[in-house]
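Colleague: I'd like to learn how to read a model like this one. Can we take it feature by feature?

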Amino acid sequence: MGVDAMTLYRVARGLKKRGVPLLPAVLRKAIYYLHSSYIPEDAEIGEGTQLGYGGIGVVIHRAAKVGKNCLISQQVTLGGRSGLEGAPVIGDYVRIGAGAKILGNIRIGDFAVIGANAVVLKDVAPGTVVAGVPAKVIRQDPDPLTTYQREMGLLPQRAPLSAVPPASMRQ
């Protein structure tokens, strides 16, 4: 099993923080050649964030910030827009579908879900599901934490029904 792009990014970022001059650039090139991705060591990517399919085709702006425990699918672009300053800021526990483009100085709130192939050009509120070109709100969740836990299988299983049948079914 090969090394995924996120592991190489984390090693490169750690080396850059320690002041190692050449190796982070070599690792960035390795990410590019192995995964067809551009993930600069300057980008801030939170703990627990994962890249789908090892990070194939992911492009991240060097000024982008990604929160913790996010899921970024393949072929996703987090980039700037020509003529505008800044890069996307992604909250915690955000899920970004395959092929999505998040462009410009925008914020994606915690627990948001970005649909596959969506083009996001405006801020997305926490707990919101967006999809389409350009992205439009599909659903606004009043309790995004519980929804996230249910969809990710983190909520405990419901208690099994009693083994005793209801009175109407007894003979």
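Colleague: Where is Ser73 found?

Modeller: This is a predicted model. Ser73 sits in the loop between β5 (71–72) and β6 (77–79).

Colleague: Does Ser73 count as buried or exposed?

Modeller: Compare its relative accessibility with the cut-off: buried means under 20%. Ser73 has 14%, so it counts as buried.

Colleague: Which residues does Ser73 touch, beyond those up to four places away in sequence?

Modeller: Gly52, Val58, Ile96, Gly97 and Ala98.

Colleague: How should I think about a nonpolar core?

Modeller: In soluble globular proteins, nonpolar side chains tend to be buried together. Here the largest nonpolar core has 34 residues. Those touching the most other members are Leu78, Ile90, Ile96, Ile102, Ile108, Ile114 and Val120. The most comes from α1, with six residues.

Colleague: What is Ile108 in contact with, leaving aside neighbours within four places in sequence?

Modeller: Its partners are Val89, Ile90, Gly91, Val94, Ile102, Ile114, Val120 and Val124.

Colleague: At what angle do α1 and α2 pack?

Modeller: About 170°, with axes 8 Å apart. Angles over 145 degrees count as roughly antiparallel, so α1 is roughly antiparallel to α2. On the α1 side, the contact includes Leu8, Tyr9 and Leu15. On the α2 side, Leu27, Ile31 and His35 are among the residues.

Colleague: How do the residues of that contact divide by type?

Modeller: Into 11 nonpolar, one polar and one charged.

Notes: Residues numbered from 1 in each chain as written. Predicted model: local features only at pLDDT ≥ 70, side-chain atom pairs only at ≥ 80, totals over all residues. Heavy atoms only, no water. Helix = DSSP H or I, 4+ residues; strand = E, 2+ residues; numbered from the N terminus. Buried < 20%, exposed > 50% of the residue type's maximum accessible area, 1.4 Å probe, protein only. Contact = heavy atoms within 4.5 Å. Core = buried A, V, L, I, M, F, W, Y, C linked by side-chain atoms within 4.5 Å. Axes fitted to C-alpha atoms, helices over the stretch in contact; angles between N-to-C directions. Parallel < 35°, antiparallel > 145°, perpendicular 65-115°, else oblique. Nonpolar A, V, L, I, M, F, W, Y, C, P; charged D, E, K, R; others polar.
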